[in-house]
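Hi everyone, thanks for coming. Let me put the sequence and the model up on the screen, and then we'll walk through how some of the pieces pack together.

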Amino acid sequence: MERFTYALAPDTSLPKGIGYKLYGALNDLAGPVLAAHWHRLQQAEIHQHLFVKEGRFYWRLALLADDEPDLALRSAREDLARRLAGLTRLPVDGSDLALQVVERVSLSRTAILHHHLSHQAPADRLTLTLRAPLAFKRAGHYDPLPQPELMAQSLINRWAPLLPELAADPARLRAHAATSLLPAQMRLRTTAVPIKGSHIPGSLGDMTLLLKARPPLRRLWGLFFALGEWSGIGVKTALGMGGISVMAPGWTSLPANAMIDSSSTAPQETTDI
């Protein structure tokens, strides 16, 4: 997996529906092979969202694929990564968006799994920042309330197929979410995201989850939410929604050899847009 963070020019003015427009620009940049592959997938292999730090916009983009047996797709992904590493301008909505790469991180799913299950302290609480509007779809309607069981379900659905060793019984794990992930504090507001003629309600802000479970399950929840920083949570994560950051007392950073090209100028503390 790879993640890129770009700083936008200080005077940048963003159009409405920018998340969807960035996804379209990214498809153009990726080329027909990769764009067609993304279109065929039920869940896209990318997550992207915008956030603000100290009055400046940043764009974070994660490519979630790991090993790829298909040579054409592997070549297309490698070519896209090279383009993203040198990206300074991206045509969006009829004009060029000026960008500066401030962080590039490469990380295998195996590395993050090993770190969280073998080395990371089992957290008793998680502090989440919802940096891009987060929503879920239930019974044909969009629900902006970040209920822990819905967040857990989204993460299990996303990652269990890629890491089957984590969830031999996904249904049982989903059932545990209601009793082991308890909301302690929420400071949230709602907003509406324009996507393809619709306005999807989503939540932004901060929340704290208490983890009421034995240490192995607390480690597992910590891992899933750490993976959520890469994939996003909820609906439309490829279109700019569902971006989060997560922290826990006692957590340590990934070992240095799991990260490359990480710049000290990368934003660490953020607020949402």
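**Helices, a sheet, and what packs on what**

Let's start with a pair of helices: H1, residues 18-30, packs with H3, residues 71-85, at an angle of about 120°, and their axes are 9 Å apart. That angle makes H1 oblique to H3; the naming here is roughly parallel under 35 degrees, roughly antiparallel over 145, roughly perpendicular from 65 to 115, and oblique for the rest. From H1 the contact takes Leu26, Leu29 and Ala30, and from H3 it takes Leu80, Arg83 and Leu84. Contact means heavy atoms within 4.5 Å. By class, that contact of H1 with H3 has five nonpolar residues, no polar ones and one charged.

Quick housekeeping. This is a predicted model, where local features need pLDDT of at least 70 and side-chain atom pairs count only at pLDDT 80 or more, while totals for chains, interfaces and linings use all residues. Residues are numbered from 1 along each chain as its sequence is written, and side-chain values use heavy atoms, with hydrogens and water left out.

Helices (H or I, at least four residues) and strands (E, at least two) are DSSP runs, numbered from the N terminus. Axes are lines fitted to C-alpha atoms, for helices over the stretch in contact, and angles run from 0 to 180 degrees between N-to-C directions. For the classes, Ala, Val, Leu, Ile, Met, Phe, Trp, Tyr, Cys and Pro count as nonpolar, Asp, Glu, Lys and Arg as charged, and the others, Gly among them, as polar.

Now the sheet. In which order do its five strands come? The order is E2-E3-E1-E5-E4, in an open sheet with antiparallel pairing; two strands pair if DSSP finds at least two bridges between them. At the edges sit E2 (46-53) and E4 (89-92), each of which pairs on one side only. On average, neighbouring strands of this sheet are turned by 35° against each other, direction ignored.

Zoom in on E2 and E3, residues 56-63 for the latter: they pair in the antiparallel sense over eight bridges. They form a hairpin with two residues between them, and Glu54 in the turn has a positive phi of about 50°. You can follow the partners across: Ile46 has Leu63 as its bridge partner in E3, His47 stands opposite Ala62, and Leu50 stands opposite Trp59. Moving to the E1 side, E1 and E3 pair in the antiparallel sense over six bridges, and there Thr5 has Arg60 in E3 as its bridge partner.

For E3, six of the eight residues are buried, so E3 is largely enclosed by the rest of the structure.

What lies across the sheet strands? H3 again: it lies across E1 (2-8), E3 and E5 (95-106), running at about 30° to E1.

Next, H2, residues 32-40. Its buried residues are Leu34, Ala35, His37 and Trp38. Looking down the axis of H2, they fall within an arc of 160°, so they line one face of the helix; the arc is that of the directions from the helix axis to the C-beta atoms. Those buried residues pack against H1, E2 and H3. Turned away from that side are the exposed residues Pro32, His39 and Arg40.

H6, residues 170-180, has Leu173, Ala177 and Ser180 as its buried residues. They cover an arc of only 95° around the axis, which puts them on the same side of H6. On the other side, Arg172, Ala175 and Thr179 are exposed.

Last pair: H5 and H7 pack at an angle of about 75°, with their axes 10 Å apart, which makes H5 roughly perpendicular to H7. Sorted by class, that contact has 10 nonpolar, two polar and one charged residues.

Notes:
Buried < 20%, exposed > 50% of the residue type's maximum accessible area, 1.4 Å probe, protein only.
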